[in-house]
Amino acid sequence: MRGQFLKNLFSLGIVVVCLGGLLTTLSWYLSDNNKNHTAPVRQEVPQQADDLSSGYREIIDKVNRLYAQTWEKKEDKSKKFRSELSSKCQGFEKAVITQANTVVGSKIVYDGERKRSVKVSTEMFNTFAKEHPFPNKTYKTCAVVGNGGILSDSGCGKMIDSAQFVIRCNLPPLNNGYQDHVGVKTDLVTANPSILFEKYGALMGRRRPFIESLRSYGNSLLLIPAFSYGHNTPYLQKLAVFWRSKGLRAVRLSTGLMVASLALELCSNVHLFGFWPFGNHPHGLRTLKNHYYDDIQTKKKFHAMPVEFELLLQLHTEGVLRLHLDDCVPVPGTVLAPFLFTLYTSDFTYSPSTCHPQNLCDDSVILSLITDRVDKEWWTGVCRTKEMLKYFRRQKHAPPVLMSIQGRITQLLEDRRSPPQQSAELCSGCREITDKVNRSYAQTLEKKEDKSKILSKNHTAPVRQEVPQQVADLCSGCREIIDKVNRLYAQTWEKKEDKYKKFRSELSSKCQGFEKAIITQANTVVGSKIVYDGERKSLVQVTPEMFNTFPKEHPFPNKTWETCAVVGNGGILSDSGCGKMIDSAQFVIRCNLPPLNNGYQDHVGVKTDLVTANPSILFEKYGALMGRRRPFIESLRSYGNSLLLLPTFSYRRNTPVSLRAFYSIEDFGSPTRAISFNPQYLQKLDVFWRSKGLRAVRLSTGLMVASLALELCSNVHLFGFWPFATIRMDSVP
């Protein structure tokens, strides 16, 4: 009997499971056929208390009890808290480093590493703002937008954008549908260095992606912790002490609390959005992502987010600031959401029996009294919307005419667009200021005119004084060399076509400059290994990013230029007057980014088709392109639409700085195109010249490009190739 019972029970279980599966499949089928393919609607599925993280239930219950109370700004408590914060932290003067509060030579102590400091250099000083970016005034309304997941599908975008000053944290995304819930207006945005390291490669490579990411923030301020954790370390140290006195114990304040503290000094009314550090929504207990755009968790060992939230909630309860934890749904029958009502209620007075239209601080107007709501509050409408027919500004006018709107006595507002003011109507003191500006501007024009006269003077280049140098002053062996040069150079030069073709053929067969001189995507593929010609035991594997810097095809078409001028930088070119002769060549090659302006053009020319850049120049003159890159890009302007030839793979230390040169040219959209010497070609070239008797650790850049020119050109002319401190012929220094 027992066995039969168990057997029947098992059979019944099988039937139930099969039936359940069929019903589930049917329900899926019906629901799928009834789907309307619009944006997914958020499902409000209450989460059970057992599923909540430890302590969440108590926290959320406490929040709901406090948040359920009608919020009202307590002016006395707000002023008291703001006064205490300002006196202890001095955000107006100290929050941001400026040239006024941090001078050259002073030391900045890192607020995250108190034992370390940095001395302010002139270059560093020039990055500081000249004046405090926040004028000594108070903004009417500020919205501080955190990135909490509570903002997802909140619909708070318009409410946030209606604030006078909007602060955002850590370069959050604002497009791709997020704008409806977080808005787009930005006056100040912070950037955590971890973002710059992880997302933009510490800005060591291409910088355009980072610049492109800033476009969505418009003409805003970017606040960066430039000194290893701090925006301005003395301010942050004081801020940490201030919040520690309020009970906050954390290794470091969160960015949200920092900027919220700053807003409490800068703004009369502070509204916080996205400040909810928990994984469940306070209303409905649905699961939330950590951020509205991703679910990357906060480093809890540094920040004490729940404790910070509790302090902010206390300030909300005291009426010092306003926390927004609800979705931002407009109230039916009103032009604006309740948020704007709370912003402007202090700007007008009213009577419970009659409604008089009132001018507000931003050209808004009170429309009417809504009496069918339980709270019987007053609401506002904005004249900028289509609901208003009149546009007006606050001015002194005759008493308005009384009229009736929906049975209530109101006032008729006439069109108050003020005509242009006459000069006599200028504000008090404006006339003196205007006169002062006009006088200053006139003086500036006079100075510019005087300067232009000075610049127009004909300043001729100094004539070289021919001072014969004594034989005893010549370098050791120079007399013999100069005498040899004079004997050979005195002979009439004539091109020997047969010897030229023979040499060029030998050079081309052994070095293959047309195909191998430059690295291209055709001769060097992803995954291949490049051996450094200066460090034969070292190599680098070609990555996709590196591969993308290579030109697709060889930059020199398989043709021969008629005439090429290879211009060295020897002192022999000084006052030579060779500029026009050099520029007459069909193809001009220059070495190591030489200056071409400031009078040099008469002697070296300006035409450039290819110019080389020794990495030592990038290291010494442009700081390895680790800092500002614009000076380097500006220096390329004089070479026009030329090729920049870099020895990217000569030594390992040259590769990163050369790639940064590539990225800089691309980021700034420079017409110059960067290419790299192929180390295989340079190795073959070294062997070739060794066979001619040259013994050197490394070939000079001049010999490298002269060799290349001998393959590319029918007639090669060298200028500035004189390595001695004495000019041949007359031995003049």
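His324 is a buried residue, with a relative accessible area of 10%. That puts His324 under the 20% cut-off used for burial, and since this is a predicted model, treat each value here as a property of the prediction. His324 sits in strand 8, which covers residues 322-324.

From here, let's turn to the cysteines. How many disulfides does a search of the whole structure find? The search turns up 3. Take Cys142 and Cys267 to begin with: a disulfide joins them, with an S to S distance of 1.7 Å. Cys142 belongs to strand 3 (residues 139-145) and Cys267 to strand 7 (residues 267-273), so this pair ties together parts that are 125 residues apart in sequence. The torsion about the S-S bond is -70°, and the link of Cys142 and Cys267 is left-handed. Both ends are tucked away: Cys142 is buried at a relative accessible area of 1%, and Cys267 is buried at 3%.

Next up are Cys156 and Cys328, joined by a disulfide with 1.8 Å from S to S. Here the linked parts are loops: Cys156 is in the loop between strand 3 and helix 6 (157-161), while Cys328 is in the loop between strand 8 and helix 13 (338-344), and the two cysteines are 172 residues apart. Which hand does the disulfide of Cys156 and Cys328 have? The torsion about its S-S bond is about 80°, so this one is right-handed. As for burial, Cys156 has a relative accessible area of 1% and is buried, and Cys328 counts as buried too, at 11% relative accessibility.

Asp153 has a positive phi of about 55° although it is not a glycine. Is Asp153 buried or partly exposed? With a relative accessible area of 44%, Asp153 is partly exposed.

Asn592 shows a positive phi as well, about 60°, and is not a glycine either. You'll find Asn592 in the loop between strand 16 (587-590) and helix 20 (601-604). At 23% relative accessibility, Asn592 counts as partly exposed. Cys591, on the other hand, is buried, with a relative accessible area of 5%.

Back to the disulfides, with Cys564 and Cys713. Their sulfur atoms are 1.7 Å apart, and with -70° about the S-S bond the link is left-handed. Cys564 lies in strand 15 (residues 561-567) and Cys713 in strand 20, so the pair ties together parts that are 149 residues apart in sequence. Cys564 counts as buried at 0% relative accessibility, and Cys713 does so at 1%.

Rolling a probe the size of a water molecule over the atoms shows where empty space is left. The second largest pocket holds about 1,800 Å³ of space. Which residues lie nearest its centre? Of the 45 residues that line the pocket, these are Tyr489, His717, Leu718, Phe719 and Phe721. The elements that give two or more residues to this lining are helix 15 (478-489), helix 16 (497-511), helix 25 (701-712) and strand 20 (713-719). Sorted by class, the lining has 23 nonpolar, 16 polar and 6 charged residues.

One last stop is strand 2 (residues 117-119), where Val118 lies. Val118 is buried, with a relative accessible area of 17%. Val118 and Ile108 are 10 residues apart in sequence and 5.3 Å apart in space, C-alpha to C-alpha.

How values were computed: Residues are numbered from 1 along each chain as its sequence is written. This is a predicted model: local features need pLDDT of at least 70, side-chain atom pairs count only at pLDDT 80 or more; totals for chains, interfaces and linings use all residues. Side-chain values use heavy atoms; hydrogens and water are left out. Helices (H or I, at least four residues) and strands (E, at least two) are DSSP runs, numbered from the N terminus. Buried means under 20% relative accessible area, exposed over 50%, partly exposed in between (1.4 Å probe, protein chains only). On a 1 Å grid over the protein atoms alone, a cavity is a set of points where a 1.4 Å probe fits but cannot get out, and a pocket is an open set with protein on both sides within 12 Å along at least five of seven lines; lining residues have an atom within 4 Å of a point. Grid points are joined across faces, edges and corners, and a volume is the space filled by probe spheres set on the points. Ala, Val, Leu, Ile, Met, Phe, Trp, Tyr, Cys and Pro count as nonpolar, Asp, Glu, Lys and Arg as charged, and the others, Gly among them, as polar. A disulfide is a pair of cysteine sulfur atoms within 2.5 Å.
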